[in-house]
Amino acid sequence: MSFQLTKIQIDTLNSLLDVYEKSATYKGKNIKNQSFSIQPEKIFNEYNGDYTDQDEVETFNSDMQCLVNRDYVFLNYINGTAVISKIELNTDSLKEIYLVLKREDIT
């Protein structure tokens with residue numbers, strides 16, 4: 001596979017899988033549909049900081065867009081801006097995400 005994940009992309013996907021693996025859905029005990037998401041600040045602490053280098057923000061946004069293009073995540077934005085408010089796991093791609101991360105699904 002020629003697709004190479006960046007550290008930010010790996011950290012994002014691992015964080016999303018951590019959220020997923022702590023859920024009732026993962027344990028097979030869910031009674032309603034769940035979504036699994038994180039805020040960008042979980043990966044990039046200064047994402048919305050007043051003094052954050054905009055080149056770093058653009059790199060982060062670009063990395064997240066690459067994950068969207070691979071169908072690994074969905075992005076929610078703040079009021080039609082380019083500012084990401086939430087990164088959501090695409091559960092339809094779980095199998096591929098586990099493979100790409102070389103992470104084992106323990107179920």
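Colleague: Which residues form the negative surface patch?
Modeller: This is a predicted model. Patch residues need over 30% relative accessible area and no salt bridge. D55, in helix α3 (residues 54–69), counts as exposed because its relative accessibility is 52%. The negative surface patch is formed by E46, D53, D55, E56 and E58.

Colleague: How far apart in space are L13 and D53, C-alpha to C-alpha?
Modeller: L13 is found in helix α1 (residues 7–21) and counts as buried, because its relative accessibility is 0%. In sequence L13 and D53 are 40 residues apart, and in space the C-alpha to C-alpha distance is 23 Å.

Colleague: What is the distance between the closest N and O atoms of D11 and K7?
Modeller: D11 and K7 both lie in helix α1, 4 residues apart, which is about one turn of the helix. D11 is partly exposed because its relative accessible area is 27%, while K7, at 60%, is exposed. The two form a salt bridge, and the closest N and O atoms are 2.7 Å apart.

Colleague: How many residues apart in sequence are the parts tied together by R103 and D18?
Modeller: The side chains of R103 and D18 meet in a salt bridge, at 2.7 Å from N to O. R103 lies in the segment after α4 and D18 in helix α1, so the parts that this pair ties together are separated in sequence by 85 residues.

Colleague: Is R103 buried or exposed?
Modeller: Buried means under 20% relative accessible area. The value for R103 is 18%, so R103 counts as buried.

Colleague: What is the angle between the planes of F44 and Y47?
Modeller: F44 is buried because its relative accessibility is 10%, and Y47 is buried with a relative accessible area of 4%. Planes over 60 degrees apart count as edge-to-face. F44 and Y47 form an edge-to-face pair, 6.1 Å centre to centre, with an angle between the planes of 70°.

Colleague: Why does the pair of F44 and F60 tie together parts that are 16 residues apart in sequence?
Modeller: The rings of F44 and F60 form a tilted pair, 5.6 Å centre to centre and 45° between the planes. Both F44 and F60 are buried. The pair ties together parts 16 residues apart in sequence because F44 lies in the loop between β1 (37–38) and α3, and F60 in helix α3.

Colleague: Which residues form one aromatic cluster?
Modeller: The count comes to 5 aromatic pairs. One aromatic cluster is formed by Y20, Y26 and F36.

Colleague: What is the phi of D71, about?
Modeller: D71 is placed in the loop between α3 and β2 (73–77). D71 counts as partly exposed because its relative accessibility is 46%. Although D71 is not a glycine, its phi is positive, at about 65°.

Colleague: Near what value is the phi of K102?
Modeller: K102 is found in the segment after α4 (94–101). At 77% relative accessibility, K102 counts as exposed. K102 is a residue other than glycine, yet its phi is positive, near 55°.

Key
Residues are numbered from 1 along each chain as its sequence is written. This is a predicted model: local features need pLDDT of at least 70, side-chain atom pairs count only at pLDDT 80 or more; totals for chains, interfaces and linings use all residues. Side-chain values use heavy atoms; hydrogens and water are left out. Patches are made of residues with over 30% relative accessible area and no salt bridge: like charges are joined within 9 Å, nonpolar side chains (Val, Leu, Ile, Met, Phe, Trp, Tyr) within 5 Å. Accessible areas come from the Shrake-Rupley method with a 1.4 Å probe; for residues, only the protein chains shown count as cover. A salt bridge is a side-chain nitrogen of Lys or Arg within 4 Å of a carboxyl oxygen of Asp or Glu. Lys and Arg count as positive and Asp and Glu as negative; His and the chain ends are not counted. The place of a charge is taken as NZ of Lys, CZ of Arg, CG of Asp or CD of Glu. Helices (H or I, at least four residues) and strands (E, at least two) are DSSP runs, numbered from the N terminus. Buried means under 20% relative accessible area, exposed over 50%, partly exposed in between (1.4 Å probe, protein chains only). Rings of Phe, Tyr and Trp (its six-membered ring) pair if their centres lie within 6.5 Å; planes under 30 degrees apart count as stacked, over 60 as edge-to-face and the rest as tilted.
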